[in-house]
Amino acid sequence: MKRAVFIFIFLACVITAAGAMFTGGTNDEADIVFVNRGEVFTLDPQRMSYQQDLRLAYSLYEGLLRWDEHDFSIVPAAAELPSVSDDRLTYTFHIRRNARWSNGDAVTAQDFAYSFRRLLFPDTAADYSNLLFEVAGAKDFFAFRSRQLEDFSKRSVTLNEPERSALAEQLYEDAMKQFDDTVGVKAIDDETLVVHLAHPVAYFVEIVCFAPTYPVYRPCVEGWPDLQGGHGENGNGWAHRTMPSLDECSRISLDADTGRIHQEHGWARPGSIVTNGPYQLTRWRYKRDLKLERNPYFRDQQLLQNNSVLVLTIEDANTALLAYGAGGIDWLNDLSVDYLPELLVEREQYLHRYESELTALLVKGLTSDEAMAELPAAERGESRDVHSLPAFATDFFSFNCREKLADGRDNPFADARVRRAFVLATDREAIVNNITREHEPVMTALVPPGTIAGYPHVEGLGHDIERARRELKSAGWEDRGGDGIPESATGEKFPAIDLVYTTNSSRYKWMALELKVQWEAALGVRVEPRPMQTKFFKDDLRNGKFMIARGQWYGDYSDPTTFLNINTTGDGNNDRGFSDVGYDTMLRQADEEADGAERMRMLADAEAYLFTQNPPMIPICQLQQTYMYDPVHLRGLTTHPRLVQYLWKLRKVS
């Protein structure tokens, strides 16, 4: 520990003079400055899936409803709390009359209907289209449009370009009509949005709190000829203007080669983007920073506790920590340096000293403020700023479950027995105690225990090397040549395992190396860890260019399905290419169950089946999020496991 602290202090001193580099040269450029680990991928809420993107969505946009960040109850946002029909199938939302876009236009029910439709169009390539599949007709519409695009790809090969364009336009018009006729999302008027569900969904109000359902401003997204649109505080919504044709729009078009809607993404940039949340985007310098400033048209200015936020992008964990030490940064939202375990130990020692000395001062009759002032400065030092919090999240390694690997070879992990063997050969306790050294709670299933009221604890496969070897043998892989490497019945050696991890944190490097040691010793296989930059990692996952890959999942709403759905067939977040019709059926039957307690039991049964019989991943542990901030001077951060932070609630106390 002394070595780590010495290194930290030494390097911090060396770069203190360079601290201005991280904040653009001045510490008063923004009210709040925080570090985002990793560059933002998109500010288009329908296309978001990464935490750093979602965090900004909750500041730039406002959904129908939102969570209270302290207890995660549902509170009004752009709409009042909905009225719900007796059969729990119809939700009626009333949009606030004072809701405005950052250009002055009114926020209307049409904005939400448009954005819901956009989320449900396969053309958008959204990871979270399935969020709205429980809306009446939504899942069928998604399938309808997907079939249209498949049909286009087959028919277009015999057509010339004008014919392809005409076909793409006709299919698009048919899809728009299909949506209007069959999907249960209706803007009755500017202030009334009605959503009809296919069956009761216990957590539907949770869904509309989640950023991918947030509204976008259609004229901006599509590039209408009149992009301004705003008419001050009395401005009407875009639905009252003449709708331009596709040909007149500069940011969307129909691709004559694919039949899809082609979206230009420049709309979500400074100078173009129009938002309805507390902030507007005023600067975005790639891999450097983003600047958010108060949206003068936001409906409730009293909610904002600051006027501006500077978001710094610093991918390297050590650099981020050093920047914090140099000053000018209020919050480091992901402290993941190699010596984090030592910092956590020092934090515990600090808390013990602090509590003892504070208690002694209070016993003497001092008030809390007087006692705080009396504490030695050393007792209020850096270690106080380290905060490790349990997260609504799971760390795991994904299997590629597709029949074929990306290069066309047969995939041994398409066999559930092989996957079970690797799960059983994984010693999770060794990972959390010796590798991460954060002693996170190990997990054998996906839903973090105790995080969802009424949901039973589920156990999957544990550590059992002998059974792991039996499972591998039952799949046809055993050491037939006496060299310790398992082979198939035809003499083919088990292929070297492509184990992919990202380079943005050393955590996954050391976990990957530990898994290599464990699996090679237990199963005789060869493992080749492969580091990747984060920006390429997501594409390789989506395209199946891996055999096993690191992963993590943060729950999006307070229901087990926020975790369980990522392994359903065709889900946008199912990077594993996993499919189990029986599992899909179990989840569907659970969602049709009206009794809440019985539904939870059915979902737990589905999770238990998946992680004992047909595992698509290896759960490792519940994630912990470690922040660095001064709790005396920065207020407004929540410690709830969901860890949804509203930037506009942050405030500094001098």
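A salt bridge here is a side-chain nitrogen of Lys or Arg within 4 Å of a carboxyl oxygen of Asp or Glu. Keep that in mind, and keep in mind that this is a predicted model.

I'll start with Arg 601. Arg 601 forms a salt bridge with Glu 598, with 2.4 Å between the closest N and O atoms. Both residues sit in helix H18, residues 596-613, three residues apart, which puts about one helical turn between them. Arg 601 is partly exposed at 39% relative accessible area, and Glu 598 is partly exposed at 26%.

Next, Arg 420 and Glu 471. Their side chains meet in a salt bridge at 3.1 Å, N to O. Arg 420 belongs to helix H11, residues 416-424, and Glu 471 to helix H13, residues 465-474, so this pair ties together parts that are 51 residues apart in sequence. Are these two buried or exposed? Arg 420 and Glu 471 are both buried.

Then Lys 404 with Asp 410, a salt bridge at 2.4 Å, N to O. Lys 404 is partly exposed, at 45%, and Asp 410 is exposed, at 55%.

There is also a network of salt bridges linking Glu 29, Arg 283, Arg 285 and Asp 289. The structure holds 40 salt bridges.

Now the whole chain. It has 18 helices and 20 strands. The radius of gyration is 26 Å, close to the 26 Å that the globule rule gives for 654 residues, so the chain is as compact as a globular protein of that length. Buried residues make up 54% of the 654. Finally, charge: the mean positions of the 70 positive and 97 negative charges lie 3 Å apart.

Terms used
Residues numbered from 1 in each chain as written. Predicted model: local features only at pLDDT ≥ 70, side-chain atom pairs only at ≥ 80, totals over all residues. Heavy atoms only, no water. Helix = DSSP H or I, 4+ residues; strand = E, 2+ residues; numbered from the N terminus. Rg over C-alpha atoms; globule rule 2.2 N^0.38 Å. Buried < 20%, exposed > 50% of the residue type's maximum accessible area, 1.4 Å probe, protein only. Lys, Arg positive; Asp, Glu negative; His and termini not counted. Charge placed at Lys NZ, Arg CZ, Asp CG, Glu CD.
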